[in-house]
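Q: Could you walk me through how the features of a structural model are read, going from single residues to the whole chain?

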Amino acid sequence: MNLSNLKPAEGSTKTRKRIGRGTGSGLGGTSTRGHKGAKSRSGYKTKIGFEGGQMPLQRRLPKFGFKNINHVEYKAINLDALQELATANNLTKINLEVLINAGFISSKQLVKILGKGAITAKLEVEANAFSKTAEAAIVAAGGTVVKI
């Protein structure tokens with residue numbers, strides 16, 4: 001066996017359709033496009049969403065909703081995650097830099113601390129926003145809350 005007698009496996013290759021090469025090929029004449037109509041013509045291109053004259057879906061459905069330009073997107077971090085972070089790294093102060101280094105957030109994200117879980121460590125927590133339950137839990141554990 002050498003490079004000159006290598007062949008693909010039996011049945012693994014097919015010959016391509018040579019469309020529009022005469023009637024003898026069986027694929028001449030209309031070249032598999034059917035008779036008449038826009039789709040049989042050269043240069044045919046549909047508009048996006050065109051449904052053959054039927055009222056298109058994007059026009060049948062009513063408009064709804066809106067984008068609030070004043071909406072602020074926060075990355076939510078729960079108390080139990082703060083507790084784990086504090087015990088693992090022996091921290092007393094948690095701020096945005098600590099959360100970025102730990103991989104919780106990226107540098108452009110805003111942080112909101114939520115009240116899921118329990119916190120026992122006495123922590124000084126800095127964040128952009130706090131839920132009422134989270135703020136109460138941190139203060140009850142002897143920590144302080146600093147809103148940026």
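Q: Which residues does Gln109 touch, not counting residues up to four places away in sequence?

A: A contact means heavy atoms within 4.5 Å. By that criterion Gln109 touches Lys75 and Phe104, once residues up to four places away in sequence are set aside. This is a predicted model, in which local features need pLDDT of at least 70 and side-chain atom pairs count only at pLDDT 80 or more, whereas totals for chains, interfaces and linings use all residues. Residues are numbered from 1 along each chain as its sequence is written, and side-chain values use heavy atoms, with hydrogens and water left out.

Q: Where does Gln109 lie, and which backbone nitrogen does its side chain reach?

A: Helices (H or I, at least four residues) and strands (E, at least two) are DSSP runs, numbered from the N terminus; Gln109 lies in the loop between α3 (96-102) and β3 (110-114). A polar contact is a pair of N or O atoms within 3.5 Å; within protein, one must be able to donate a hydrogen and the other to accept it, and residues adjacent in sequence count only if both atoms are side-chain atoms. Here the side chain of Gln109 reaches the backbone nitrogen of Ser106 at 2.9 Å.

Q: Is Gln83 buried or exposed, and what does Gln83 touch?

A: Buried means under 20% relative accessible area, exposed over 50%, and partly exposed in between, with a 1.4 Å probe and protein chains only. Gln83, whose place is in helix α2, is buried because its relative accessible area is 13%, while Gln109 counts as partly exposed at 33% relative accessibility. Gln83 touches Ala118, Ile119, Thr120 and Ala121, not counting residues up to four places away in sequence. A polar atom of the Gln83 side chain lies 2.8 Å from the backbone nitrogen of Thr120, and one lies 3.1 Å from the backbone nitrogen of Ala121.

Q: How is the order of strands in the open sheet read?

A: Two strands pair if DSSP finds at least two bridges between them. The open sheet of three strands has the order β1-β3-β5, with parallel pairing, and its edge strands, β1 (74-78) and β5 (129-130), each pair on one side only. Helix α2 (residues 79-89) packs on the sheet, touching β1 and β3, and its direction makes about 65° with that of β1; axes are lines fitted to C-alpha atoms, for helices over the stretch in contact, and angles run from 0 to 180 degrees between N-to-C directions.

Q: Which residues touch the most other members of the largest nonpolar core?

A: A nonpolar core is a set of buried Ala, Val, Leu, Ile, Met, Phe, Trp, Tyr and Cys residues joined through side-chain atoms within 4.5 Å. Of the 20 residues in the largest one, Ile77, Leu82, Leu99 and Ile113 touch the most other members, and α2 gives the most to this core, with five residues. Ile113 stands opposite Phe130 in β5.

Q: Why is the chain described as more spread out than a compact globule?

A: The radius of gyration is taken over C-alpha atoms, and the globule rule is 2.2 Å times the number of residues to the power 0.38. The chain, with four helices and six strands, has a radius of gyration of 33 Å, well over the 15 Å that the rule gives for 148 residues, so it is more spread out than a compact globule. Its C-alpha atoms fill a box of roughly 90 × 65 × 25 Å, taken along the principal axes.
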